[in-house]
Amino acid sequence: MQAGYPFYYPSDAGLPLGGEGSSRFLRLEVHYHNPLLISGRRDSSGIRLWYTPSLRRFDAGIMELGLVYTPVMAIPPHQRSFPLTGYCTAACTRTALPHGGIHIFASQLHTHLAGRTVRTVLVRGGKEVELVQEDKHYSTHYQIIRILRKMVTVLPGDALMTKCTYNTEDRDKPTVGGFGIMEEMCVNYVHYYPRTQLELCKSHVDPGYLQKYFSLINRFHGGEGCSCSQKTVEEEFSSVSWDSFSEEVLNSLYTTSPISMHCNQSTAELFPGDWEKQKIPEVLEELQHHPFRCELGRTAPWSTGATEVQPDHTG
């Protein structure tokens, strides 16, 4: 539910309430951001629920896609557009999804203050086959659950990639992943049915490869390698001498190095399997972008191109 826009389930799916083993309570959690400590502000947040005693065919669920909330995923300072991508791998969907797959019908994208774009795409057989959700002008101050115009079916063996780009031009220090508003996230909360035990399908770079990055950068700048056992990841990132080399190598690390997968059940336990040092899903063919009407420019439909201006020889 979001202000002004009702959130509704498909006609054959719903959220079960009550019954044996169900919680007796609903909790509304609201996050406030008031850095200037302005007094006298009032909040009227709330929700209104509609329910039916008629049980629908499928239970719906919510799944988290994107990046794990961890400082190993970071954005250097003074970046106009720095990308980070979280993966839900084929191995995880093959393990956790039913034979007929699941159907995504709604999506809520999420970053913090530095986020500028968010995009989740479905990958099947090495090809991007369908866009789940995209926001090219994302703002953390305007977050809504969007009902998809067309449901997206995810089959066992498919992969989902959630890519966020960040702007840190106004920051002098690196921005690490985490829960704080000045830290960052890259998440897509997708609503789907039928509900499965897969609640979280997210990734982060392998920590061992990140330590190799710190060692390389320290040596490049005249140091003696990485003293990683004595420092936290946040301290290591803060000690990096940021220049084009360290920025480009970090970007390369995130786009090529093995990942740690969090293929988690609703109990917060991992599904059985080997989820460390997994290969990043390979994309051999990207989805073709169809421009929006506003991206086509203001050229009149009858115009064949630019108008040539001839010099005036009338003297």
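The questions and answers below treat cavities and then aromatic rings.

User: On what basis are the values given?

Analyst: This is a predicted model, in which local features need pLDDT of at least 70, side-chain atom pairs count only at pLDDT 80 or more, and totals for chains, interfaces and linings use all residues. Side-chain values use heavy atoms, with hydrogens and water left out, and residues are numbered from 1 along each chain as its sequence is written.

User: How much space lies in the largest cavity?

Analyst: A cavity is a set of points, on a 1 Å grid over the protein atoms alone, where a 1.4 Å probe fits but cannot get out. Points are joined across faces, edges and corners, and a volume is the space filled by probe spheres set on the points. The count comes to 3 cavities of 30 Å³ or more. For the largest cavity the space is about 60 Å³.

User: Which residues are closest to the centre of the largest cavity?

Analyst: Lining residues have an atom within 4 Å of a point. The lining of the largest cavity has 10 nonpolar, 2 polar and 1 charged residues, where Ala, Val, Leu, Ile, Met, Phe, Trp, Tyr, Cys and Pro count as nonpolar, Asp, Glu, Lys and Arg as charged, and the others, Gly among them, as polar. Of these 13 residues, the closest to the centre are Leu67, Met73, Gly177, Glu184 and Met185.

User: Which strand gives the most to the lining of the second largest cavity?

Analyst: The second largest cavity has a volume of about 40 Å³, and its lining has 6 nonpolar, 3 polar and no charged residues. Strands are DSSP runs (E, at least two residues) and helices likewise (H or I, at least four), numbered from the N terminus. Strand S5 (82-88) and strand S13 (198-205) each supply at least two lining residues. With 3 residues, the greatest contribution is that of S13.

User: Why does the pair of Phe220 and Phe245 count as stacked?

Analyst: Rings of Phe, Tyr and Trp (its six-membered ring) pair if their centres lie within 6.5 Å; planes under 30 degrees apart count as stacked, over 60 as edge-to-face and the rest as tilted. The ring centres of Phe220 and Phe245 are 3.9 Å apart and their planes lie at 20°, so the pair is stacked.

User: Which ring does Lys202 lie over?

Analyst: A charge sits over a ring if NZ of Lys or CZ of Arg is within 6 Å of the ring centre and within 35 degrees of the ring normal. At 3.7 Å from the ring centre, Lys202 lies over the face of Tyr69.

Conventions
On a 1 Å grid over the protein atoms alone, a cavity is a set of points where a 1.4 Å probe fits but cannot get out, and a pocket is an open set with protein on both sides within 12 Å along at least five of seven lines; lining residues have an atom within 4 Å of a point.
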